[in-house]
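Hello,

Here is the structure I said I would pass on. Please open it first, then read the notes below.

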Amino acid sequence: MQGFIIIKGAREHNLKNIELSIPRDAITVITGPSGSGKSSLAIDTIYAEGQRRYVESLSAYARQFLEQLQKPDVDSIEGLSPSIAIDQRTVSKSPRSTVGTITEIYDYMRVLYTRIGKPYCYNCNTLISKQEAKDIIQSVMLLPQGSRLQILSPIIRERKGEYRKELQEMRREGFIRARIDGKMMDLTQDIVLKKHKRHTIEIVIDRLIIKLGIERQLKDAIETALSYSDTVVINLIAGDRDMLFSKTAVCPNCGISYPDINPMFFSFNSRQGACPRCNGLGFENLDEDSEAIEDKKYCRLCNGSRLRKEALSIKIQDINIGEFAQMSVSDALFFVKNLILTDREQTIAFRVLKEVRDRLHFLEKVGLEYLTLDRSSLTLSGGEAQRIRLATQLGSSLTGVLYILDEPSIGMHPRDCKKLLESLASIKDAGNTLVVVEHDEETIRWADYIVDMGPGAGLNGGWIVASGRPDEIARNRESITGEYLSGFMSIEIPYMRRNPKDFIQIISAQEFNLKEINVKIPLGTFTCVTGVSGSGKSTLVIEILYKALSKELYGSNVSPGHCREIRGMDKIHGVKCVDQSPLGKTPRSNPATYTGIFTFVRELFSQVTDSRIRGYTPSRFSFNLAGGRCESCRGDGLVKVEMHFLPDVYVPCDACKGKRYNRETLDIKYKGKNIADVLDMTVYEALQFFSSIPLIRQRLEVLEDVGLGYLKLGQPASTLSGGEAQRVRLSKELGKKSTGNTLYILDEPTTGLHFVDIQKLLNVINSLVDSGNTVIVIEHNLDVIKSADYIIDLGPEGGEGGGRVIAEGTPEEVSMNPKSYTGRFLRDKLSRISHTRVA
């Protein structure tokens with residue numbers, strides 16, 4: 001196979017018909033300013049074409065079950081391998097999805113608990129023993145005389161399939177009734193079960209009434225039931241109540257029977273294992289389609305373990321599977337490494353334990369040792385979700401694969417970045433090729449090859465400015481990335497640090513892993529809260545401080561994290577938290593609508609002479625409302641065409657040609673442009689076009705200031721990265737009239753930012769502080785940290801090893817603290833430039 005991936009004529013999005021050769025079996029970093037075309041090249045061109053070719057090689061039958069990708073706008077790509085994309089949005093966001101299920105660790109542990117777990121009575125904690133047929137008969141005969149009952153034998157429990165063969169066999173053996181999925185059914189009738197749904201089939205062995213002389217009939221029925229299953233169900237017809245008996249497990253003291261123990265018994269997605277109160281979700285009043293679990297309370301029955309009490313009474317060395325799931329990755333690894341097993345148990349568990357140990361080890365390698373295995377995917381950051389996917393690939397043993405990664409260093413402390421780079425190297429050494437979209441300086445310097453996109457963003461980007469080894473890029477004066485790598489350009493340290501006007505004091509913070517810490521947050525300054533992943537930064541700043549201020553200032557009904565008190569809240573007049581959550585659930589949301597710019601644009605178009613003559617109001621120019629929009633596509637601009645066994649195609653609407661509006665609306669023009677033309681403008685283009693309209697210009701200037709000049713006004717919010725969504729949200733806040741004395745909280749705002757864009761962000765932060773506000777930034781980026789007035793460093797580790805204040809003070813003071821990981825890396829950063837004077 002040739003040694004390069006050769007791309008010719010790539011024109012996807014803003015790419016300028018570029019040609020490029022990327023070395024195989026190497027790690028290539030694609031970098032450049034935001035909007036320069038990095039993702040267009042890596043994800044929308046290389047990955048899309050690799051995936052499309054793989055799917056097209058499959059049979060027509062197989063292709064219908066796979067996600068289909070359109071052919072990217074490129075002339076040719078040679079030397080391409082099957083491709084896997086690991087980005088920040090590839091982990092299932094479901095309340096049933098956890099770290100343990102995503103990595104399959106929980107699935108392996110279900111098998112382990114089935115094979116070597118010891119059952120204990122949930123009532124008296126006595127070890128469970130087997131139950132003989134005579135014991136079952138004796139228990140049934142203790143029922144009141146005249147009790148009407150059915151004896152059932154479960155031949156299928158919670159398994160997918162149609163089971164035509166099993167049902168036919170029961171008919172041949174003379175059985176005429178069965179309880180299927182809780183409903184009595186006549187076996188003489190044709191029964192059709194859905195193939196992809198889980199079913200429970202219980203054959204009715206006999207129906208009888210408890211009375212003298214019934215023992216022989218009961219004995220025959222019980223023995224017959226046990227010949228088909230290890231479990232017998234006695235259904236009391238009055239009240240439709242079940243009594244469960246098992247020949248494998250019964251408490252000698254309480255007489256409580258356990259069903260046959262299998263992996264589904266420990267699944268919170270199965271009726272066999274799920275807690276009956278919360279249905280396996282772990283929280284009170286949580287819906288299956290919930291996308292957030294903030295302020296939810298643990299289920300009162302299972303206390304958040306998700307499982308029924310019978311499953312939680314199966315233990316391995318006094319630990320049930322729910323307690324195991326609550327362990328952090330590092331604690332779980334210690335547990336499985338130190339299990340004391342008999343020779344028989346060791347033989348049974350060897351393969352399963354190896355898989356569990358390997359997966360836990362891979363999670364440690366990518367810096368996620370602090371995560372608990374029951375951590376919901378809904379609470380994972382984009383970076384954490386991406387590194388979990390990366391960890392699963394470390395254990396896949398694949399070779400000859402092209403991996404595309406989108407900023408894998410997001411959310412990582414510089415200390416953990418080395419672990420990530422070692423993990424990437426091991427994937428490469430297994431015979432794979434990696435293409436990484438990245439801005440992190442250490443990752444860029446470490447790569448085998450660099451592709452620098454630019455020179456600008458949007459229409460000013462899409463070119464390859466430079467390509468080569470890191471040392472070659474650093475010597476290239478045409479590359480702005482090279483200028484920063486060489487030190488010719490840098491983000492300067494502020495000339496003076498601001499002194500605080502006052503402080504907010506958090507006393508005895510102890511939410512999650514915080515160890516009853518006291519923290520003083522300076523007001524009127526730019527403060528960075530730092531620390532390794534999982535050290536408690538977001539817990540302190542968002543769960544405790546932000547929620548407490550929201551409740552105090554706005555009467556919000558959120559529940560703040562636990563602390564004894566917060567002093568000085570009266571010194572703040574407002575609080576704003578700018579995070580990376582999506583702008584909206586619908587693709588109709590876009591930067592223009594979210595920031596309010598589109599309201600003024602529609603108002604402007606309604607004031608045009610032709611609009612006034614026709615009586616058009618601003619609502620005429622909304623693509624969400626009937627009247628002005630194109631009704632063929634209902635304002636979407638695109639129509640989905642189903643191609644059956646070929647990829648679905650989205651084509652411009654025939655009626656409006658992708659413009660979203662009807663012809664009458666598009667006839668209205670302002671300075672020669674209609675409303676669709678405006679939505680197709682970038683922020684930079686719109687800024688020139690609306691330069692004479694202050695209300696529009698001011699909001700566009702803010703978007704430009706936060707580094708989003710390349711975004712199109714009508715770009716669907718669903719296509720924005722987390723960092724882009726955060727900066728759109730920040731621009732909306734900045735566009736409001738400042739009253740001063742507001743606390744702004746930014747959660748990792750450098751996500752997706754190149755060196756040159758970070759300088760723009762710092763300019764925005766400093767302008768906020770200079771206007772009398774306070775800014776708190778949760779951040780790992782050293783260029784931002786060194787620019788702060790004050791640092792609060794948490795740690796020393798993540799999870800239970802964190803939650804303490806390690807260092808406080810100016811960047812210079814923190815850099816001299818030998819206990820601070822942040823300080824060590826900051827010391828190296830500061831040593832490259834002259835010291836800053838303190839005011």
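The model is predicted. It holds 2 cavities of 30 Å³ or more. The second largest cavity has a volume of about 40 Å³. Its lining is made up of Gly531, Val532, Asp793, Leu794, Gly795, Pro796, Ile806, Lys819, Ser820, Tyr821 and Thr822. Two elements give two or more residues to this lining: strand 29 (790-795) and helix 29 (821-831). Strand 29 supplies the largest share, 3 residues. By class, the lining of this cavity has 5 nonpolar, 4 polar and 2 charged residues.

Next, the pockets. The second largest pocket contains about 740 Å³ of space. It is lined by 28 residues. Nearest its centre lie Arg157, Arg179, Glu202, Asp242 and Leu244. Strand 12 gives the most, with 4 residues. The lining of this pocket divides into 11 nonpolar, 7 polar and 10 charged residues.

You will find it in strand 8 (residues 177-180). Is alanine 178 buried or exposed? Its relative accessible area is 0%, under the 20% cut-off, so alanine 178 is buried. Leaving out residues up to four places away in sequence, alanine 178 touches Lys183, Met184, Met185, Leu187, Glu202, Ile203 and Val204. Take isoleucine 203 from that list. Alanine 178 and isoleucine 203 are 25 residues apart in sequence. In space, they are 4.3 Å apart, C-alpha to C-alpha.

Now go to strand 16 (residues 433-437). It is mostly covered, with 5 of its 5 residues buried. Which residues lie on each face of strand 16? Thr433, Val435 and Val437 are on one side, and Leu434 and Val436 are on the other. Both faces are covered. Strand 16 also has pairing partners. Strand 3 (residues 27-31) pairs with strand 16 in the parallel sense, over 4 bridges. In that pairing, valine 29 stands opposite valine 436. Strand 15 (residues 402-406) pairs with strand 16 in the parallel sense too, over 5 bridges. There, isoleucine 404 stands opposite valine 435.

Strand 20 (residues 502-509) and strand 23 pair in the antiparallel sense over 3 bridges. Within that pairing, isoleucine 506 has isoleucine 566 of strand 23 as its bridge partner.

One is alanine 178, with a relative accessible area of 0%. The other is strand 16, where both faces are covered.

Best wishes

Key. Residues numbered from 1 in each chain as written. Predicted model: local features only at pLDDT ≥ 70, side-chain atom pairs only at ≥ 80, totals over all residues. Heavy atoms only, no water. 1 Å grid on protein atoms, 1.4 Å probe; cavity = no way out; pocket = protein on both sides within 12 Å on 5 of 7 lines; lining within 4 Å. Points joined across faces, edges and corners; volume = space filled by probe spheres on them. Nonpolar A, V, L, I, M, F, W, Y, C, P; charged D, E, K, R; others polar. Pairing = 2+ DSSP bridges. Buried < 20%, exposed > 50% of the residue type's maximum accessible area, 1.4 Å probe, protein only. Contact = heavy atoms within 4.5 Å.
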